[in-house]
Amino acid sequence: MKSKALIELLSDGQVHSGEALAEKLGVSRTAIWKQARRAMDDGVEIATIRGRGYQLMSRIDLLDRGMILDSLASARKEQIVLKVFDEVDSTNAEVVRLMAHGVNGVPVVIADGQTSGRGRRGRVWQSPRGENLYLSMGLTFHGGFAVLDGLSLVLGVAVANALERLGVPEVGLKWPNDIFQPDGKLGGILVELQGELEEGVVQVIAGIGLNVHMSQADHVDQPWSSLVGACPGIAWSRNQIASSIIDAVIDAVSLFSDVGFADFREPWQRRDIFMGKLLQSRGGDVQGVGCGIDETGNYQIRTQTGIVPVRAGEISLRVMP
Ligand code: BTN
């Protein structure tokens, strides 16, 4: 956002004179006026008060790399390489680029907006500027692709833990890893794999999209919700959510690398929104009642002929109308 520095100065909610703002930013008063207009065109509510100056009329939630790092423990800060962008094509794509250049730590990319945000199954992920969280992490595993069974669900548990710690009462999970609230989908996770670069070393890009302030969206083909809609009493800060998710994902991945999926089965299962529901696969070939996940994270459906396990990525499930 071109007027980010101006908005930062106004973010205390006080009235600031054009003169004082111009001096602080080292520009002319006309330039301040132009920046304020541009911000207003971008939807930021700024009041221009005759003879006194400018005042920000609504709370604004700017991304701030320093604030994200400040909320992390020092050991955690040293583990990650954090990049915060105004705009990228896709934070997942940016992590791939970082990893290709070599990076000393866990790459974490966050953007205020994405121009080609991608979702699962080749869908577009709506990524308006300033509204939501778009965060990707590059994770390295040893032991080949076989060790990744269940990882996608582990990431869902990590995000749910992070949100519950921030005060969301009950976070639901829709197999394999959609984040749910009673009103609809709150977020999603896109897991992309890089080939084995060396024997047994696998890189995974975990991209997390979470609706935070968004109040309207075109072309979203399913019910959705946002953190502000689900918990309006909380002053949501994308910086705080980001720190909490980074922490939770690194903790979860380290436990998963040490002991595998076993410790995540129960935390996933208790949030399962499909449990006991009549389900069908999108193609319609499997129908039955949802009965949770097995020990590797496959979803189990009780059909007329017995339990059918469904592998993540093979078919997608929905509640029957
Ligand atoms: C889904 O379809 O449910 C997964 C959506 C994942 C979206 C996130 S936003 C951050 C990261 N960058 C992307 O391009 N996609 C993921």
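Author: Helix 9 (residues 238–259) has 22 residues, and from its first C-alpha to its last it reaches 31 Å, close to the 32 Å expected at 1.5 Å a residue; that expected span is 1.5 Å times one less than the number of residues. Helices (H or I, at least four residues) and strands (E, at least two) are DSSP runs numbered from the N terminus. This is a predicted model, in which local features need pLDDT of at least 70 and side-chain atom pairs count only at pLDDT 80 or more, while totals for chains, interfaces and linings use all residues. Residues are numbered from 1 along each chain as its sequence is written, and side-chain values use heavy atoms, with hydrogens and water left out.

Arg238 has its place in helix 9, and because its relative accessibility is 1%, Arg238 counts as buried (buried is under 20% relative accessible area, exposed over 50% and partly exposed in between, with a 1.4 Å probe and protein chains only). Leaving out residues up to four places away in sequence, Arg238 touches Asp61, Leu62, Leu63, Asp112, Gly130, Glu131, Asn132, Leu133, Val212 and His213, where contact means heavy atoms within 4.5 Å. Just after helix 9, Gly260 takes a positive phi of about 85°.

The structure holds 4 aromatic pairs; rings of Phe, Tyr and Trp (its six-membered ring) pair if their centres lie within 6.5 Å, and planes under 30 degrees apart count as stacked, over 60 as edge-to-face and the rest as tilted. One of the pairs joins Phe141 and Phe256 edge-to-face, at 6.2 Å centre to centre and with 80° between the planes. Phe141 lies in strand 5 (residues 133–142) and Phe256 in helix 9, so this pair links distant parts of the chain, 115 residues apart. Both Phe141 and Phe256 are buried.

Setting aside neighbours within four places in sequence, Leu163 is in contact with Val168, Val171, Ile179, Leu186, Leu210, Leu227 and Ile241.
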